[in-house]
Amino acid sequence: MRGRPTIYEDSNIIKKAQEVFWQKGYSATSLSDLQKATGAGAGSFYNTFKGGKKEVFQKAVQERRLAFDNFKNELTKSDSPLELIKDFFRSIAQADANEHLKGCIIANTVVEMTFIDEDLENSAVQILKEVEQMFTEVIKEEQLKGNIKTQTSPEILGKYLITFWCGLNTLRRMYPDKNVLKDQIEMQLAVIS
(Lines give C-alpha, C1' and ligand atoms only; values in the text may rest on other atoms or scores of the structure.)
Protein backbone atom coordinates (compact mmCIF):
# COMPACT_ATOMS: atom_id res chain seq x y z
CA MET A 1 0.00 0.00 0.00
CA ARG A 2 1.38 3.38 -1.00
CA GLY A 3 1.50 6.28 1.40
CA ARG A 4 0.02 9.63 0.61
CA PRO A 5 1.90 11.38 -2.19
CA THR A 6 4.20 14.23 -1.33
CA ILE A 7 2.83 17.28 -3.07
CA TYR A 8 4.37 20.06 -1.09
CA GLU A 9 7.82 20.57 -2.61
CA ASP A 10 7.18 23.01 -5.40
CA SER A 11 7.96 26.67 -5.93
CA ASN A 12 4.41 27.71 -5.05
CA ILE A 13 4.71 26.13 -1.59
CA ILE A 14 8.15 27.66 -1.06
CA LYS A 15 6.79 31.07 -2.06
CA LYS A 16 3.97 30.73 0.47
CA ALA A 17 6.48 29.85 3.17
CA GLN A 18 8.74 32.68 1.99
CA GLU A 19 5.94 35.17 2.57
CA VAL A 20 5.65 34.03 6.20
CA PHE A 21 9.42 34.25 6.74
CA TRP A 22 9.49 37.66 5.07
CA GLN A 23 6.84 39.02 7.42
CA LYS A 24 7.90 37.33 10.67
CA GLY A 25 11.55 36.48 10.20
CA TYR A 26 13.08 33.06 10.69
CA SER A 27 13.12 32.94 14.48
CA ALA A 28 9.52 34.06 14.99
CA THR A 29 8.11 31.69 12.35
CA SER A 30 6.75 28.46 13.80
CA LEU A 31 6.01 25.12 12.20
CA SER A 32 2.34 25.92 12.73
CA ASP A 33 2.76 29.17 10.75
CA LEU A 34 4.34 27.26 7.87
CA GLN A 35 1.71 24.52 7.92
CA LYS A 36 -1.07 27.09 7.87
CA ALA A 37 0.51 29.02 4.99
CA THR A 38 1.32 25.94 2.89
CA GLY A 39 -1.63 23.73 3.81
CA ALA A 40 0.73 20.91 4.78
CA GLY A 41 0.19 18.73 7.84
CA ALA A 42 3.11 18.03 10.17
CA GLY A 43 3.79 14.59 8.66
CA SER A 44 3.66 15.80 5.07
CA PHE A 45 5.76 18.81 5.95
CA TYR A 46 8.55 16.75 7.51
CA ASN A 47 8.39 14.06 4.82
CA THR A 48 8.86 16.76 2.19
CA PHE A 49 11.30 18.97 4.10
CA LYS A 50 13.44 16.59 6.12
CA GLY A 51 15.57 19.53 7.24
CA GLY A 52 12.47 21.14 8.77
CA LYS A 53 12.05 24.87 9.03
CA LYS A 54 15.69 25.59 8.19
CA GLU A 55 15.46 23.71 4.88
CA VAL A 56 12.30 25.57 3.90
CA PHE A 57 13.93 28.87 4.82
CA GLN A 58 17.04 28.05 2.78
CA LYS A 59 14.84 27.28 -0.22
CA ALA A 60 12.88 30.49 0.30
CA VAL A 61 16.12 32.48 0.31
CA GLN A 62 17.28 30.67 -2.82
CA GLU A 63 14.06 31.79 -4.54
CA ARG A 64 15.33 35.35 -4.13
CA ARG A 65 18.68 34.33 -5.61
CA LEU A 66 16.77 33.14 -8.69
CA ALA A 67 15.11 36.56 -8.93
CA PHE A 68 18.53 38.23 -8.81
CA ASP A 69 19.83 35.78 -11.42
CA ASN A 70 16.93 36.71 -13.69
CA PHE A 71 17.74 40.39 -13.20
CA LYS A 72 21.38 39.70 -14.05
CA ASN A 73 20.27 38.03 -17.29
CA GLU A 74 18.17 41.10 -18.10
CA LEU A 75 21.22 43.30 -17.53
CA THR A 76 23.35 41.28 -19.94
CA LYS A 77 20.71 41.62 -22.66
CA SER A 78 20.01 45.31 -22.08
CA ASP A 79 21.36 48.16 -24.18
CA SER A 80 21.12 50.35 -21.05
CA PRO A 81 22.05 48.19 -18.05
CA LEU A 82 22.78 51.23 -15.89
CA GLU A 83 19.26 52.56 -16.48
CA LEU A 84 17.87 49.13 -15.65
CA ILE A 85 19.68 49.25 -12.29
CA LYS A 86 18.39 52.77 -11.65
CA ASP A 87 14.86 51.68 -12.57
CA PHE A 88 15.18 48.76 -10.15
CA PHE A 89 15.83 51.21 -7.31
CA ARG A 90 13.20 53.67 -8.54
CA SER A 91 10.56 50.93 -8.55
CA ILE A 92 10.92 50.61 -4.78
CA ALA A 93 9.18 53.96 -4.31
CA GLN A 94 6.13 52.63 -6.18
CA ALA A 95 5.64 49.56 -3.98
CA ASP A 96 2.66 49.32 -1.67
CA ALA A 97 2.85 49.81 2.11
CA ASN A 98 3.01 46.08 2.83
CA GLU A 99 6.02 45.68 0.54
CA HIS A 100 7.73 48.58 2.28
CA LEU A 101 7.21 46.97 5.68
CA LYS A 102 8.67 43.67 4.50
CA GLY A 103 11.91 45.17 3.25
CA CYS A 104 14.37 42.71 1.69
CA ILE A 105 14.35 39.12 2.94
CA ILE A 106 18.06 38.76 2.15
CA ALA A 107 19.11 41.90 4.05
CA ASN A 108 16.69 40.96 6.84
CA THR A 109 18.35 37.54 7.07
CA VAL A 110 21.85 39.00 7.37
CA VAL A 111 20.70 41.14 10.30
CA GLU A 112 18.57 38.48 12.00
CA MET A 113 21.02 35.57 11.66
CA THR A 114 24.15 37.36 12.89
CA PHE A 115 25.17 35.44 16.04
CA ILE A 116 22.24 33.01 15.57
CA ASP A 117 22.90 30.82 12.53
CA GLU A 118 26.16 31.22 10.65
CA ASP A 119 25.05 29.05 7.70
CA LEU A 120 21.93 31.10 7.04
CA GLU A 121 23.80 34.36 7.55
CA ASN A 122 26.59 33.31 5.16
CA SER A 123 24.09 32.22 2.53
CA ALA A 124 22.39 35.64 2.62
CA VAL A 125 25.73 37.48 2.65
CA GLN A 126 26.84 35.50 -0.40
CA ILE A 127 23.74 36.54 -2.33
CA LEU A 128 24.33 40.22 -1.50
CA LYS A 129 27.97 39.86 -2.57
CA GLU A 130 26.84 38.37 -5.88
CA VAL A 131 24.50 41.32 -6.40
CA GLU A 132 27.33 43.69 -5.48
CA GLN A 133 29.54 41.99 -8.09
CA MET A 134 26.77 42.35 -10.66
CA PHE A 135 26.53 46.08 -9.92
CA THR A 136 30.33 46.43 -10.01
CA GLU A 137 30.60 44.79 -13.44
CA VAL A 138 27.91 47.03 -14.95
CA ILE A 139 29.50 50.15 -13.45
CA LYS A 140 32.93 49.15 -14.79
CA GLU A 141 31.53 48.70 -18.30
CA GLU A 142 29.54 51.93 -18.14
CA GLN A 143 32.59 53.89 -16.98
CA LEU A 144 34.59 52.51 -19.90
CA LYS A 145 31.82 53.64 -22.27
CA GLY A 146 31.81 57.10 -20.67
CA ASN A 147 28.26 56.75 -19.36
CA ILE A 148 29.26 57.42 -15.74
CA LYS A 149 31.15 60.62 -14.97
CA THR A 150 32.53 59.69 -11.56
CA GLN A 151 35.95 58.07 -11.53
CA THR A 152 35.32 56.39 -8.18
CA SER A 153 36.32 52.75 -8.52
CA PRO A 154 33.61 50.33 -9.65
CA GLU A 155 34.28 48.18 -6.57
CA ILE A 156 33.54 51.09 -4.23
CA LEU A 157 30.44 52.02 -6.22
CA GLY A 158 29.23 48.38 -6.19
CA LYS A 159 29.51 48.36 -2.40
CA TYR A 160 27.83 51.77 -2.32
CA LEU A 161 24.79 50.36 -4.15
CA ILE A 162 24.56 47.46 -1.68
CA THR A 163 24.81 49.95 1.19
CA PHE A 164 22.10 52.02 -0.50
CA TRP A 165 19.94 48.91 -0.97
CA CYS A 166 20.21 47.85 2.68
CA GLY A 167 19.61 51.38 3.94
CA LEU A 168 16.69 51.88 1.58
CA ASN A 169 15.02 48.79 3.02
CA THR A 170 15.10 50.42 6.45
CA LEU A 171 14.11 53.86 5.16
CA ARG A 172 11.06 52.48 3.35
CA ARG A 173 9.80 51.10 6.66
CA MET A 174 10.28 54.48 8.30
CA TYR A 175 8.79 56.50 5.44
CA PRO A 176 6.50 54.34 3.29
CA ASP A 177 5.70 57.41 1.19
CA LYS A 178 6.29 57.41 -2.58
CA ASN A 179 7.39 61.03 -2.73
CA VAL A 180 9.84 60.79 0.18
CA LEU A 181 11.32 57.59 -1.21
CA LYS A 182 11.48 58.92 -4.76
CA ASP A 183 13.45 61.99 -3.65
CA GLN A 184 15.87 59.91 -1.57
CA ILE A 185 16.36 57.37 -4.35
CA GLU A 186 17.12 60.03 -6.96
CA MET A 187 19.60 61.73 -4.64
CA GLN A 188 21.43 58.45 -4.07
CA LEU A 189 21.39 57.46 -7.74
CA ALA A 190 23.09 60.75 -8.65
CA VAL A 191 26.34 59.13 -7.49
CA ILE A 192 26.29 56.80 -10.50
CA SER A 193 25.24 59.39 -13.09
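User: Why is Asp-117 called buried?
Analyst: In this predicted model, its relative accessible area is 15%. Buried means under 20%, so Asp-117 qualifies.

User: What makes Lys-54 and Asp-117 a salt bridge?
Analyst: Their side chains meet at 3.0 Å, N to O. Lys-54 lies in helix 4 (residues 52–77) and Asp-117 in the loop between helix 7 and helix 8, so the pair joins parts 63 residues apart in sequence. The cut-off is 4 Å between a Lys or Arg side-chain nitrogen and an Asp or Glu carboxyl oxygen. The pair therefore counts.

User: Is Lys-54 buried, partly exposed or exposed, and how do you know?
Analyst: Lys-54 has 23% relative accessibility.

User: What makes Glu-19 and Lys-102 a salt bridge, and where do they sit?
Analyst: The N to O distance is 3.1 Å. Glu-19 is in helix 1 (residues 11–28) and Lys-102 in helix 6 (residues 97–102), 83 residues apart. The limit is 4 Å, so the pair qualifies. Lys-102 is buried at 5%, whereas Glu-19 is partly exposed at 28%.

User: How do you know that the charged end of Lys-102 sits over the ring of Trp-22?
Analyst: The charged end is 4.2 Å from the ring centre. The distance limit is 6 Å, with a further limit of 35 degrees from the ring normal. Lys-102 is listed as sitting over the ring of Trp-22. Lys-53 likewise lies over the face of Tyr-26, at 4.4 Å from the ring centre.

User: Which residues form a salt-bridge network?
Analyst: Glu-83, Lys-86, Asp-87, Arg-90 and Glu-186 are linked. One of its contacts is Glu-186 with Arg-90, at 2.6 Å, N to O. Glu-186 lies in helix 10 (residues 178–189) and Arg-90 in helix 5 (residues 81–93), so this pair ties together parts 96 residues apart in sequence. The whole structure holds 14 salt bridges.

User: Why is the pair of Phe-71 and Phe-88 called tilted?
Analyst: There are 12 aromatic pairs in the structure. For Phe-71 and Phe-88, the centres are 5.3 Å apart and the planes at 40°. Pairing needs centres within 6.5 Å; stacked is under 30 degrees, edge-to-face over 60. Phe-71 is buried at 12%, whereas Phe-88 is partly exposed at 21%.

User: What about Phe-89 and Phe-135: why is that pair called tilted?
Analyst: Their ring centres are 5.9 Å apart and their planes at 40°, so tilted applies again. Phe-89 lies in helix 5 and Phe-135 in helix 8, so the pair ties together parts 46 residues apart in sequence. Both residues are buried.

User: Which residues touch the most other members of the largest nonpolar core?
Analyst: They are Phe-21, Ile-85, Phe-89, Ile-106, Phe-135, Leu-161 and Ile-185, within a core of 49 residues. Helix 8 contributes the most, with 9 residues. Leu-161 touches, among others, Ile-85, Phe-89 and Phe-135.

User: Why does Phe-115 count as exposed, and what stands out in its backbone?
Analyst: Its relative accessibility is 84%. Exposed means over 50%, so Phe-115 passes. Phe-115 also has a positive phi of about 70° although it is not a glycine. Most residues other than glycine have a negative phi. Phe-115 is in the loop between helix 7 (105–113) and helix 8 (118–144).

Key: Residues numbered from 1 in each chain as written. Predicted model: local features only at pLDDT ≥ 70, side-chain atom pairs only at ≥ 80, totals over all residues. Heavy atoms only, no water. Helix = DSSP H or I, 4+ residues; strand = E, 2+ residues; numbered from the N terminus. Buried < 20%, exposed > 50% of the residue type's maximum accessible area, 1.4 Å probe, protein only. Core = buried A, V, L, I, M, F, W, Y, C linked by side-chain atoms within 4.5 Å. Contact = heavy atoms within 4.5 Å. Phe/Tyr/Trp six-rings, centres within 6.5 Å; stacked < 30°, edge-to-face > 60°. Lists of a residue's contacts leave out its neighbours within four places in sequence.
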